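Here is a short report on ring contacts and inner space. Look at the model first, then read on.

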Amino acid sequence: MKSRKTYLTILLLLCLAGTAAGQWLQPTPGRKRAVYGVGYYVSPSSYDYSTLARSIVGSATTDYEKAQRIYLWLCDNITYDRSGQIRSADETYQRRTAVCQGYCELFYRLGETVGVKTRLVYGKCRRPASSDPSGHLQDHVWLSVATEKGDILVDPTWGAGFYRGGDFVRQTVPLRWFDVDPSWFVFTHLPDNSRRQHLAETISDADFLRLPFVAPPVPPEEAEDPHEALQRALDPLNVKMRECENVKMDTTAYD
């Protein structure tokens, strides 16, 4: 169970690490090559992130704990780049702002130096109507992280915060978007590769378009079984009821 006390303890350690981070990170003489995987890409890097990464993970010994601390450091130190220009790990570190690609690439670069294996996942996301009344789907990038508990789904961009007016507001409970149950995650995130849904029975693009926006419960609370919640949302009767209530999803992002 993820508790608020655990989060606050880790956050205090990360704040201490972040204070001195600037003096730890030095450019390396040679560049790290770009990383190509099946369906994803990580930009080349001029930095050695090992010292910073070790300071962030501290005494953590498991990949799960290391991933969680890297995630919380990103949530606490990186804001969202409204210009849409900052995408690489190096630019994200230098500017302390990024779009989703930058959050994920910096996570990847920090993780690789401490043995955390990460895959970038590309797909579409659905924002709540309050932040995007048009209902358009948006291109998005998040992470699948290999841990002792299995591959977990992580979205540091959504965990970091959101804009209210012209101000970036940090999430009060960023762990909501760390290690999200796949059945909750698929309400808001649809990967281009259906295997990255991490579901025993994957859902189709059409099914995703019928789903309402549902965020995962705030940890450690879990109001209901996520698999049951997903099956109920996909039930044809419930879909029809939402259509009658004019809950619609614009599909132009798939055209």
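The report covers the basis of the model, then its aromatic pairs, then charges over rings.

## Basis

This is a predicted model, where local features need pLDDT of at least 70, side-chain atom pairs count only at pLDDT 80 or more, and totals for chains, interfaces and linings use all residues. Residues are numbered from 1 along each chain as its sequence is written, and side-chain values use heavy atoms, without hydrogens and water.

## Aromatic pairs

The structure holds 11 aromatic pairs (rings of Phe, Tyr and Trp, the last by its six-membered ring, with centres within 6.5 Å; planes under 30 degrees apart are stacked, over 60 edge-to-face, the rest tilted). Tyrosine 49 and tyrosine 93 are edge-to-face, because their ring centres are 6.2 Å apart and their planes stand at 80 degrees. Tyrosine 49 lies in the loop between strand 4 (45-48) and helix 3 (50-57) and tyrosine 93 in helix 5 (residues 89-95), so the pair ties together parts 44 residues apart in sequence. Both tyrosine 49 and tyrosine 93 are buried (under 20% relative accessible area, with a 1.4 Å probe and protein chains only).

Tyrosine 71 and phenylalanine 178 form a tilted pair, 5.2 Å centre to centre with 50 degrees between the planes. Tyrosine 71 is in helix 4 (residues 63-77) and phenylalanine 178 in strand 12 (residues 178-180), so this pair ties together parts 107 residues apart in sequence. Helices (H or I, at least four residues) and strands (E, at least two) are DSSP runs, numbered from the N terminus.

## Charges over rings

Arginine 82 lies over the face of tyrosine 163, at 4.0 Å from the ring centre. Lysine 149 lies over the face of tyrosine 64, at 3.9 Å from the ring centre. Such a charge has NZ of Lys or CZ of Arg within 6 Å of the ring centre and within 35 degrees of the ring normal.

Note on methods: Buried means under 20% relative accessible area, exposed over 50%, partly exposed in between (1.4 Å probe, protein chains only).
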